[in-house]
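Walk me through this model, one feature at a time.

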Amino acid sequence: MLLTSRRLRAALLVAASATLVAAVLPRPEPLGIGDPLFPHLGNPGYDVLTYDIAFTYRGTNGKLLDAVTKIDARATAHLERINLDFTSGTVRAVEVNGSSAEFTTAGEDLVITPRQSVDAGTPLAITVTHTSVPKSGGAGGWVRTTDGLAMANQADAAHRVFPCNDHPADKAHFIFRITAPTGLTAVANGLPVTAARGGAKSATRTWVYRTRHPMATELAQVSIGKSAVVRREGPHGLPLRDVVPAAQRARLEPWLKKTPAHITWMENKVGRYPFETYGLLLAQAETGFALETQTLSLFETSMFTDDRYPKWYVESVMVHELAHQWFGNSVSPRTWSDLWLNEGHATWYGSLYAEEHAKQPLEQQMREAYAQSDGWRAAGGPPAAPKPAEPGRQLGLFRPIMYDGSALVLYALRQEIGKDAFETLERAWVAEHRDGTATTADFTALAERVSGRDLTGFFQGWLHGARTPRMPGHPDWRSEAPSAQRHAAPAAKH
């Protein structure tokens with residue numbers, strides 16, 4: 001077909017404009033939002049509102065999953081390109097606002113060039129058709145279990161599973177659609193939206209779950225396996241569901257039935273449970289940790305079946321992960337340097353529970369932590385200023401200073417401002433920042449407001465000092481010299 005001269009001029013103009021845009025755009029590169037510990041995590045220019053992620057599992061946990069990730073967002077800046085965090089999988093197609101888009105990779109980013117630029121303040125709908133890789137090893141993401149898969153995305157591994165803005169500063173609602181062979185059970189964060197689809201003769205079923213509260217990408221959870229879902233009622237009618245190996249359901253029941261009392265205990269300390277459901281996911285895998293995935297905390301099954309673990313210790317870890325639902329999940333860190341607020345509080349309440357229910361003196365635990373604190377600071381940095389990774393090495397953020405070392409800060413604060421003010425602070429913290437993100441500066445400001453005191457010097461030493469300050473009320477406590485210190489990590493809990 002021949003073009004008229006007017007159409008020809010228009011076509012040439014479009015082609016020239018496209019060439020000009022391509023010429024002025026810089027080379028694709030990995031971006032970040034400026035987190036000093038993970039400089040390439042997160043991406044500027046948009047705010048994710050909802051992830052809608054579909055996984056198709058073929059029945060073998062060594063095979064790729066087919067996946068489609070839909071992201072509803074709002075642009076916060078004019079965007080010629082859009083970066084998502086994503087690695088490991090293969091991208092097959094991308095659409096932006098209903099039109100196909102060009103894409104490439106740069107580092108661990110998926111870099112998308114839409115047909116039309118996106119203006120600040122306008123909706124942004126992205127669809128990525130891709131694979132998801134259940135790799136083995138310690139990089140995080142999918143965890144292979146004896147009967148399927150689970151997720152362990154903390155801190156920087158969600159983008160090894162699905163394209164996302166992989167930083168807790170950008171929380172969003174999630175929908176999961178999991179298709180798996182009949183005979184397996186799929187679960188995810190939140191509550192089921194629909195019953196499993198597929199008739200008696202169908203080879204597969206599709207399970208759909210939705211979160212009612214925003215969630216950080218690191219807290220996403222999908223489990224597929226030969227599981228039993230055990231349901232019961234918690235405080236105030238809260239629906240509880242535990243996901244356990246079906247063959248061990250009866251054996252695990254004595255542990256599972258403890259959760260309602262744990263929730264009641266935490267509510268008495270800090271206020272109403274912040275989400276729509278809760279439960280334990282017991283995976284048949286050796287992870288070396290427990291993980292506070294939102295509404296469905298991940299544990300190794302062996303923690304509950306191995307008699308080597310004292311019962312009081314197992315319960316303290318259960319409470320640790322439960323406490324994270326308030327501290328870390330509902331109130332998420334604005335930057336990864338604020339992680340001490342997550343792990344310090346979870347360790348604090350796990351230790352406090354052990355004191356109240358198992359006669360494990362909190363003061364003794366804190367004194368032992370104090371003795372090691374200088375060594376922890378030398379090895380990993382102070383609680384609110386963790387040392388970054390050495391060049392070319394992956395950051396191991398979950399260090400002793402983040403656990404007992406940060407709980408020690410809370411103990412010192414309670415000693416400094418008194419028990420009543422401290423408990424008021426804790427309740428106010430989770431209430432004022434519920435479903436949001438917050439920083440160390442937010443916490444210290446609230447502590448000053450609640451206590452009516454200037455705590456600048458106190459927090460400077462305890463959160464940022466190279467050496468541990470004197471413990472209020474315990475001037476005789478001493479911390480060992482770093483050279484004589486063992487830097488062993490605490491037992492498995494995140």
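Helices (H or I, at least four residues) and strands (E, at least two) are DSSP runs, numbered from the N terminus. This is a predicted model, where local features need pLDDT of at least 70, side-chain atom pairs count only at pLDDT 80 or more, and totals for chains, interfaces and linings use all residues. Residues are numbered from 1 along each chain as its sequence is written, and side-chain values use heavy atoms, with hydrogens and water left out.

Q: What separates phenylalanine 458 and tryptophan 462 in helix α11?
A: Helix α11 covers residues 456-464.

Q: Is the ring pair of phenylalanine 458 and tryptophan 462 stacked, edge-to-face or tilted?
A: Rings of Phe, Tyr and Trp (its six-membered ring) pair if their centres lie within 6.5 Å; planes under 30 degrees apart count as stacked, over 60 as edge-to-face and the rest as tilted. Here the centres are 6.2 Å apart. The planes of phenylalanine 458 and tryptophan 462 lie at 35°, so the pair is tilted.

Q: Are phenylalanine 458 and tryptophan 462 buried or exposed?
A: Buried means under 20% relative accessible area, exposed over 50%, partly exposed in between (1.4 Å probe, protein chains only). Phenylalanine 458 and tryptophan 462 both count as buried.

Q: How are the rings of tyrosine 273 and phenylalanine 275 arranged?
A: A search of the whole structure gives 26 aromatic pairs. In the pair of tyrosine 273 and phenylalanine 275, the ring centres are 6.0 Å apart. Their planes stand at 80°, so the pair is edge-to-face.

Q: In what order do the three strands of the open sheet stand?
A: Two strands pair if DSSP finds at least two bridges between them. β6 and β7 (residues 109-113) pair over five bridges, and four bridges join β3 to β7. The pairing is antiparallel, and the order is β3-β7-β6.

Q: Which strands stand at the edges of that sheet?
A: Each edge strand has a single partner, so one side of each is left without a neighbour in the sheet. The two are β3 (82-85) and β6 (102-106).

Q: Which residue in β7 stands opposite asparagine 83?
A: Asparagine 83 lies in strand β3. This residue is buried, with a relative accessible area of 6%. Contact means heavy atoms within 4.5 Å. Leaving aside neighbours within four places in sequence, the contacts of asparagine 83 include Glu29, Tyr46 and Asp109, and the residue opposite in β7 is valine 111.

Q: Which way do the side chains of β3 point?
A: In a regular strand the side chains alternate between the two faces of the sheet. In β3 all four residues are buried. Ile82 and Leu84 point one way, Asn83 and Asp85 the other way.

Q: Which residues of helix α2 are buried?
A: Helix α2 spans residues 249-256. Its buried residues are Leu252, Trp255 and Leu256.

Q: What is the crossing angle of α6 and α7?
A: Axes are lines fitted to C-alpha atoms, for helices over the stretch in contact, and angles run from 0 to 180 degrees between N-to-C directions. The axes of α6 (residues 339-358) and α7 (residues 362-380) come within 9 Å. Among the residues that meet are Trp348 in α6 and Leu362 in α7. The axes cross at roughly 135°.
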